[in-house]
Amino acid sequence: MKLQGKTAVITGAASGMGKEMALLFAQEGAQVVVADINEAAVTSVVEEINSSGGQAKGVVTNVTKEEDVARMIDTAVNDFGKLDILVNNAGIMDQMLPAESVTDEMWNRVMDINVTGPMRAIRKAIPLMSKQGHGVIINTASVGGLFGSRAGIAYTASKHAVVGITKNVGFQYGKLGIRCNAIAPGAVATNIGAGMTHADPFGIEQAMAGMSLQRGEAADPKQIASVALFLASDDSSFINGTVVTADGGWSAY
Ligand code: NAD
């Protein structure tokens with residue numbers, strides 16, 4: 001098992017990629033803190049892990065709240081004794097709003113969840129990981145964090161910021177034994193589109209312009225969870241401060 005004896009905190013772990021990461025990490029021997037804002041779904045993922053012989057603890061967490069983020073990290077330490085792996089995966093889309101239409105409300109909400117959330121969790125995790133002399137941080141970015149028009153302006157800016165955070169933390173704390181990497185998925189079949197009820201027609205047309213270049217169907221979230229497992233495990237021990245793109249070749253054209 002790749003993560004035997006490790007403790008992992010995963011945000012957005014009640015659905016989509018985060019859920020598959022939680023299930024896979026537990027299968028690989030990790031004790032998992034399942035952190036998500038969706039209480040019913042947290043309970044269900046925790047039950048699924050514990051009933052199949054794994055070890056999980058749920059913490060209902062809104063990553064925009066400092067006290068929730070603190071509780072999520074504290075749970076790893078208090079219940080499982082340490083924090084080896086932090087996955088900042090919770091994120092939302094932005095109704096594909098282009099520059100002329102984005103509202104302050106949308107901008108601030110997307111930034112708060114997608115950017116400030118990971119920063120808060122990293123800020124809390126680093127002292128613990130530094131003291132241990134090891135730790136792994138994985139951020140779910142997006143191809144939208146590498147290219148200009150895979151979503152609206154707020155989501156695009158937020159995922160570019162996640163890439164910046166990843167490189168900053170990876171370099172600055174690498175010497176202390178902490179690795180920080182990001183995954184940039186292409187389209188993945190999850191629930192993230194469910195909230196996209198008012199997609200902006202101009203924005204969606206622009207964001208979808210390159211979709212025909214994506215090879216095949218949207219990925220299964222399991223295909224991203226396996227990348228997270230690689231980054232969480234010692235198999236990737238010399239990989240730090242970088243972004244692993246998992247888009248089936250979409251962005252290679
Ligand atoms: P999803 O909607 O299936 O899962 C996201 C989870 O995050 C949900 O369980 C949701 O409850 C949780 N969440 C939302 N706001 C939260 C908050 N404030 N605090 C705590 N939890 C919160 O979506 P997904 O596609 O699995 O998304 C996971 C990550 O992948 C996101 O960061 C997303 O931006 C990124 N991503 C998704 C795709 C895609 O095509 N699905 C592509 C690239 C990147």
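**Fold, cores and surface of a predicted model**

Leaving aside neighbours within four places in sequence, V169 is in contact with I122, I126, I137, G174 and C180, where contact means heavy atoms within 4.5 Å. The model is predicted, so local features need pLDDT of at least 70 and side-chain atom pairs count only at pLDDT 80 or more, while totals for chains, interfaces and linings use all residues. Residues are numbered from 1 along each chain as its sequence is written, and side-chain values use heavy atoms, with hydrogens and water left out.

V169 is found in helix α5, residues 153-174. With a relative accessible area of 7%, V169 is buried; buried means under 20% relative accessible area, exposed over 50%, and partly exposed in between, with a 1.4 Å probe and protein chains only. Q4 is 165 residues away from V169 along the chain, and the C-alpha atoms of the two are separated by 25 Å.

The protein chain holds seven helices and seven strands. Helices (H or I, at least four residues) and strands (E, at least two) are DSSP runs, numbered from the N terminus. In order from the N terminus, the elements are β-α-β-α-β-α-β-α-β-α-β-α-α-β.

The largest nonpolar core has 36 residues, of which M21, F25 and V34 touch the most other members. Such a core is a set of buried Ala, Val, Leu, Ile, Met, Phe, Trp, Tyr and Cys residues joined through side-chain atoms within 4.5 Å. Elements giving two or more residues to this core include β1 (7-11), α1 (16-27), β2 (31-36) and α7 (221-232). Residues touched by F25, not counting those up to four places away in sequence, include L3, I10, V32, V87 and L229. Another core, of 23 residues, lies apart from the largest one, and V169 is among its members, as are I73, I126 and I178.

Of the 253 residues, 51% count as buried. Among contacts with a separation of 6 or more, 74% are between residues 24 or more positions apart.

The accessible surface of the protein chain comes to about 11,400 Å², and 53% of this belongs to carbon and sulfur atoms. Accessible areas come from the Shrake-Rupley method with a 1.4 Å probe; for residues, only the protein chains shown count as cover.
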